[in-house]
Amino acid sequence: MTQPHEQRSPARPSQPPNLRSRYVDAAAMAWHPTDFPGIDMKILYADADSGMSTILFRMAPGSVVPLHEHTALEQTYILSGRLVDDEGEVGPGGFVWRPGGNIHIARAPEGATFLSVFMKPNRFFGGAKFFTE
């Protein structure tokens, strides 16, 4: 007999491959350099058709993401360190989002590790390509 606090799992059909969960062991992934000195990344998710991506970044102390435009919503959660721009700063446990059209330069004075979600790739004014282009 089932105890009142126990619940049985409902039977469900097996998921087709395209609907199954994708598990990513981010800790086991290697860091890859970006086009910008002192900035490494781990691409956790990228959709070439939509341009959406989720990327774990690691910035060395003093590194800079040069002038760029967020072409659509960007969301960033800071794991360690801090990011600073002309509008403010965000530190560990902090979250910042920027609407499409936002233009800025991001700096990591002491270094930083953060998770960013992009709806579309950024546009860099110096001609660099975004990480997933």
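Visitor: How many helices and strands does the protein chain have?
Guide: The secondary structure of the protein chain comes to zero helices and eleven strands, where helices (H or I, at least four residues) and strands (E, at least two) are DSSP runs numbered from the N terminus. This is a predicted model, in which local features need pLDDT of at least 70 and side-chain atom pairs count only at pLDDT 80 or more, while totals for chains, interfaces and linings use all residues. Residues are numbered from 1 along each chain as its sequence is written, and side-chain values use heavy atoms, with hydrogens and water left out.

Visitor: How much of the chain is buried?
Guide: Of the 133 residues in the protein chain, 33% count as buried. Here buried means under 20% relative accessible area, exposed means over 50%, and partly exposed is in between, with a 1.4 Å probe and protein chains only.

Visitor: OK, inside now. Which residues have the most contacts in the largest nonpolar core?
Guide: That core has 17 residues, and those with the most contacts inside it are Ile39, Phe57, Met59, Val65, Leu83 and Phe114. A nonpolar core is a set of buried Ala, Val, Leu, Ile, Met, Phe, Trp, Tyr and Cys residues joined through side-chain atoms within 4.5 Å. Strands β2 (39-46), β3 (53-59), β9 (103-108) and β10 each supply at least two residues of this core. In soluble globular proteins, nonpolar side chains tend to be buried together.

Visitor: What does Met59 touch?
Guide: Leaving aside neighbours within four places in sequence, Met59 is in contact (heavy atoms within 4.5 Å) with several residues, including Ile39, Val65, Leu83 and Phe114.

Visitor: Thr113: where is that one, and what does it touch?
Guide: Thr113 lies in strand β10, which covers residues 112-118, and because its relative accessibility is 18%, Thr113 counts as buried. Not counting residues up to four places away in sequence, Thr113 touches Trp31, Leu56, Phe57, Arg58, Ile78, Leu79 and Ser80.

Visitor: Leu79, then: what is its accessibility?
Guide: Leu79, found in strand β5, counts as partly exposed because its relative accessibility is 45%. Together with Tyr77, Phe95 and Trp97, Leu79 makes a nonpolar surface patch of about 450 Å². The elements that give two or more residues to this patch are β5 (74-81) and β8 (95-98). Patches are made of residues with over 30% relative accessible area and no salt bridge, with like charges joined within 9 Å and nonpolar side chains (Val, Leu, Ile, Met, Phe, Trp, Tyr) within 5 Å.

Visitor: How many salt bridges are there?
Guide: A search of the whole structure finds five, a salt bridge being a side-chain nitrogen of Lys or Arg within 4 Å of a carboxyl oxygen of Asp or Glu. One of them joins Arg98 and Glu74, with the closest N and O atoms 3.1 Å apart. Arg98 lies in strand β8 and Glu74 in strand β5, so the pair ties together parts that are 24 residues apart in sequence.

Visitor: Are Arg98 and Glu74 buried or exposed?
Guide: Both Arg98 and Glu74 are buried.

Visitor: And which residues does Arg82 pair with?
Guide: Arg82 forms a salt bridge with Glu89, where the closest N and O atoms are 2.9 Å apart, and the side chains of Arg82 and Glu110 also meet in a salt bridge at 2.7 Å, N to O. Arg82 lies in the loop between β5 and β6 (83-85) and Glu110 in the loop between β9 and β10, so that pair ties together parts that are 28 residues apart in sequence.

Visitor: Last topic: where is Thr34?
Guide: Thr34 is found in the loop between β1 (32-33) and β2, and because its relative accessibility is 12%, Thr34 counts as buried. A polar atom of the Thr34 side chain lies 3.1 Å from the backbone nitrogen of Phe36, and a polar atom of that side chain lies 2.9 Å from the backbone oxygen of Ile39.

Notes:
Areas by Shrake-Rupley, 256 points an atom, 1.4 Å probe, with all protein chains shown as cover. Polar contact = N/O pair within 3.5 Å; in protein donor to acceptor, adjacent residues only side chain to side chain.
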